[in-house]
Amino acid sequence: RVLPDHPVSSETGAIFIHELERELFQEAFLTGHEDDGATPITFQAHLRNHPDLPRWLRYIQRDPRQPGYLYGCPTAAEVGTHAIEVLAYNRHTYETVAQRLIITVIPAPDGEPPYQGEFLVGNRNVEELLPEAAQEMFLQATAGVWEQDDLHVINITSALDRGGRVPLPIEGRKEGVYVKVGSSGAFSPCLASAASPQSRFRCSLGQQPLASCYDTFTPHFSIRWCNLTLVRPTSPPTPCNDPRLAWGSGVLEEGGDFQPPTEVPPRDLLPGYLVTLLVPLAVAALLCLLLGHLMCCRREGVQKRDLETSDIQLVHHTTIHGDTEELRHMASSRDVPRPLSTLPMFNVRTGQRINPMPGPSDGARVPLL
């Protein structure tokens, strides 16, 4: 089933947030469920005729039983109309409902705010700061340290999208959220001292930065002051997503030809091939020659050993060897009974005692144990 198009608008230099309400899509499903409130629904969103979302737009849904959010900060390069295809998927009945979201990005009448401050909230996830009530609470806390009344949220970004680490699965651990706030008024002395070189030096030592005012963010928001970033009017305007990069559309214009990079000049690989092949072969050949010399050329041999041995030692060795062979031959030809000490006295399996010698049990040849 397809829902009607939903048009929305957004201004450059301001946060755009659209909540994908589960109730709206639940009513559009053809078959109901006994507990509609617990029906798991997952969303998929992408730019029309493209596999992914635009660079300035992000999507988050932590759990199938929670709403999804499309959020981002459009810049002047994104002015125009963007058609976003949203597909809702019922995990129980396998039904799908589609809706097209038409986002119209218009330039801000006053342009981007000249003063921008970015705060890192360490005890929140990104979906916890996307609702309007959470943003209002954050702006009220920011007004206490900024001392301005025209504050508004410019962008909200998860710390994971900025290179942060995934938190451990422990209760109370959050991924962290970067919140960028703008104003036309200058920074307060409190914020200026928190971002001063002295505070940066204290942060490098693992200490808290200097603060000349009361932290109005506590206890709801845990601000990591060492990650505070302030942008003044003297700095050039920067994009919302990354202050160092200006992303293009990423789409090749119609009729344009893709120009591959310049070909790398051919390299002569023969010297490297010879070094890789010949050096191990030369080392193996030297080792073979050394081993052959030790095993063949340095062997004494029986003849050489006999020439270097005196005649008396050779006679003694021959005599001992001959006598030993004679004794062995004589021992093998003798037919004598086995010693009594080697005969078994009882069956090891049944335990029955056995007389090792025939005759009377009190004979003199019965071994004494």
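I began with Leu47, which stands opposite Ile84 in β6. I am working on a predicted model, in which local features need pLDDT of at least 70, side-chain atom pairs count only at pLDDT 80 or more, and totals for chains, interfaces and linings use all residues. Residues are numbered from 1 along each chain as its sequence is written, and side-chain values use heavy atoms, with hydrogens and water left out.

**Sheet**

I looked up the strands on either side of that Leu47–Ile84 position. Strand β3 pairs with β6 (residues 80–90) in the antiparallel sense, over seven bridges. Two strands pair if DSSP finds at least two bridges between them. Helices (H or I, at least four residues) and strands (E, at least two) are DSSP runs, numbered from the N terminus.

Next I traced the sheet. It is open, has four strands in the order β1-β7-β6-β3, and its pairing is mixed. Which strands stand at the edges? They are β1 and β3 (41–47); each has a single partner strand, so one side of each is left without a neighbour in the sheet. I noted an average twist of 25° from one strand to the next. Axes here are lines fitted to C-alpha atoms, for helices over the stretch in contact, and angles run from 0 to 180 degrees between N-to-C directions.

**Ser10**

I then picked a residue in β1 (residues 6–11), namely Ser10. Is Ser10 buried or exposed? Ser10 is buried, because its relative accessible area is 6%. The cut-offs: buried is under 20% relative accessible area, exposed over 50%, partly exposed in between (1.4 Å probe, protein chains only). I set aside its neighbours within four places in sequence and found Ser10 in contact with Phe16, Pro74, Thr104, Val105 and Ile106. Contact means heavy atoms within 4.5 Å.

I moved to helix α2 (residues 132–146), which holds Gln135. Gln135 has a relative accessible area of 13%, so I log it as buried. Beyond four places in sequence, its contacts include Ile15, Ile17, Val153 and Ile156.

I checked β9 (residues 152–158) next: six of its seven residues are buried. β9 pairs with β10 (residues 177–183) in the antiparallel sense, over six bridges. I looked up Asn155 and found Lys180 as its bridge partner in β10.

Most residues other than glycine have a negative phi, and most peptide bonds are trans. I searched for exceptions.

Asn49 is not a glycine, yet its phi is positive, about 65°. I placed Asn49 in the loop between β3 and β4 (57–60). Asn49 counts as exposed because its relative accessibility is 69%.

Tyr94 also has a positive phi of about 65° and is not a glycine. I found Tyr94 in the loop between β6 and β7 (96–106). Its relative accessible area is 61%, so Tyr94 is exposed.

Which residues does a cis peptide bond join? They are Thr218 and Pro219, with omega about 0°. I placed Pro219 in the loop between α4 (197–204) and β11 (229–231).

**Annotated span**

Last, I read the UniProt record. Its unreviewed entry lists residues 270–295 as "transmembrane region". UniProt positions are given in the numbering used here, feature names are shortened, and annotations may be inferred rather than shown by experiment. I checked residues 270–295 in the model: the span is 100% helix and 0% strand. Its end C-alpha atoms lie 37 Å apart.
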